[in-house]
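Subject: Structure handover

Hello,

My notes on what turned up follow below it.

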Amino acid sequence: MVSAEAARNVVGIIGNVISFGLFLSPVPTFYRICKKKDVEEFQPYPYAATVLNCLFWILYGLPVVKPDSTLVVTINSVGLVFELIYLSIFCVFDTQNKGRKKVFLVLFGEVIFMAAIVATTFLAFHTHARRTLFVGVFCDIFNILMYASPLTIVKKVVTTKSVEFMPLSLSLANFLNGCVWTAYALIRFDIFMLVSNGIGAFFGFLQLVLYAFYYKSTPKRGSQDVKPSEIQLSASDAASRA
């Protein structure tokens, strides 16, 4: 019989693979930016937000905070590298300097904020349980916000009756990512991973329902110029997803 720990590791590896796919999802956007040598109307804020989310989950998964959470650390470390690469590309091709200064200011603020959280975690809390509680609350807040971010396009989808700006791959990856990490949290009960990823799976399901409902009324590509995607999740999401 497969042990709970072995099952948890298998589910965690699957979660890492799906989350990796989410972190790769912005690649077409940045390929376009590199090709045109211009960021056009794309915004850097989702990627900057994901940097902070990844940092929180890396802190959460450290042995001194939450033991036996190596897979949480690995995928968010990979995600952090991807997000920093995306932001670097953005700054290089921000020819009109529309967001470069803001990116630096946001990242600087995130470093200061994260340093304060790390100091508080290790100086004010001296047990795994208390550190997990303190860091876990922040992880849940940022993870839920990241999962919910694609829903900001709902109004446009409903008014235009088009899912052109709500990619199916992103919605499906969000749903699967939430489901897998929810299962991971249930095998060895982890309330913080369970809450944010359970809500994330629900948000992903809502996106899929919306996509299915408006898919047929969406204009086919080629009938009009396709604008840059208005949903930019690094995923997003990704995942921290964890």
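Start with a loop: Lys161 sits in the one between helix H7 (154-160) and H8. Keep in mind that this is a predicted model. Phi of Lys161 is positive, about 55°, although the residue is not a glycine. Its relative accessible area is 46%, so Lys161 is partly exposed.

Lys37 is another residue to look at. Its phi is near 55°, again a positive value in a residue other than glycine. Lys37 belongs to the loop between H2 and H3. Its relative accessibility is 55%, so Lys37 counts as exposed.

**Overall layout**

The protein chain has 9 helices and 1 strand. Read from the N terminus, the order is α-α-α-α-α-α-α-α-α-β. The chain has 242 residues, and 45% of them count as buried. Take the contacts with a separation of 6 or more: 83% of them come from residues 24 or more positions apart.

**Helix H2**

H2 covers residues 27-36, and Thr29, Phe30 and Ile33 are buried in it. Why do they count as being on the same side of H2? Because they cover an arc of only 90° around the axis. The other side of H2 has Pro28, Tyr31 and Lys35, which are exposed. What do the buried residues of H2 pack against? Their partners are helix H3 (45-61) and helix H4 (70-92). Just after H2 comes Lys37, with the positive phi already mentioned.

**Cores**

The largest nonpolar core holds 42 residues. Within it, Phe56, Tyr60, Leu87, Val135, Tyr184 and Met193 touch the most other members. Elements giving two or more residues to this core are helix H1 (4-24), H2, H3, H4, helix H5 (100-124), helix H6 (128-148), helix H8 (168-187) and helix H9 (191-214).

Which residues does Phe56 touch, leaving aside neighbours within four places in sequence? Phe56 is in contact with Phe113, Met114, Ile117, Val135, Phe138, Cys139 and Phe142.

**Helix pairs**

H3 and H5: the axes come within 10 Å and cross at roughly 15°. That angle makes H3 roughly parallel to H5. The crossing is right-handed. H3 makes the contact with Tyr45, Ala48, Ala49, Val51, Leu52, Leu55, Phe56 and Leu59. On the H5 side, the residues in contact include Val106, Leu107, Glu110, Phe113, Met114 and Ile117.

H1 and H8: the axes come within 9 Å and cross at roughly 160°. H1 is therefore roughly antiparallel to H8. The crossing is left-handed. Among the H1 residues in contact are Ala4, Ala7, Val11, Gly12, Gly15 and Leu22. H8 contributes residues including Leu170, Ala173, Asn177, Val180, Trp181 and Tyr184.

H5 and H6: the axes come within 9 Å and cross at roughly 155°. That makes H5 roughly antiparallel to H6. H5 passes H6 in a right-handed crossing. Phe113, Ile117, Thr120, Thr121 and Phe122 of H5 make the contact. Their H6 partners are Arg131, Phe134, Val135, Phe138 and Phe142.

Phe113 and Ile117 of H5 take part in the contact with H3. Both also take part in the contact with H6. Both are in contact with Phe56 as well.

**A buried serine**

Ser196 is in helix H9. Is Ser196 buried or exposed? Its relative accessible area is 0%, so Ser196 is buried. Leaving aside neighbours within four places in sequence, Ser196 is in contact with Trp57, Asp140, Asn143, Ile144 and Tyr147. Met146 is 50 residues away from Ser196 along the chain, yet their C-alpha atoms are separated by 9.8 Å.

Best regards

Notes. Residues are numbered from 1 along each chain as its sequence is written. This is a predicted model: local features need pLDDT of at least 70, side-chain atom pairs count only at pLDDT 80 or more; totals for chains, interfaces and linings use all residues. Side-chain values use heavy atoms; hydrogens and water are left out. Buried means under 20% relative accessible area, exposed over 50%, partly exposed in between (1.4 Å probe, protein chains only). Helices (H or I, at least four residues) and strands (E, at least two) are DSSP runs, numbered from the N terminus. The arc is that of the directions from the helix axis to the C-beta atoms. Contact means heavy atoms within 4.5 Å. A nonpolar core is a set of buried Ala, Val, Leu, Ile, Met, Phe, Trp, Tyr and Cys residues joined through side-chain atoms within 4.5 Å. Axes are lines fitted to C-alpha atoms, for helices over the stretch in contact, and angles run from 0 to 180 degrees between N-to-C directions. Angles under 35 degrees count as roughly parallel, over 145 as roughly antiparallel, 65 to 115 as roughly perpendicular and the rest as oblique. A crossing is left-handed if the near helix is turned anticlockwise from the far one by less than a right angle, and right-handed if clockwise.
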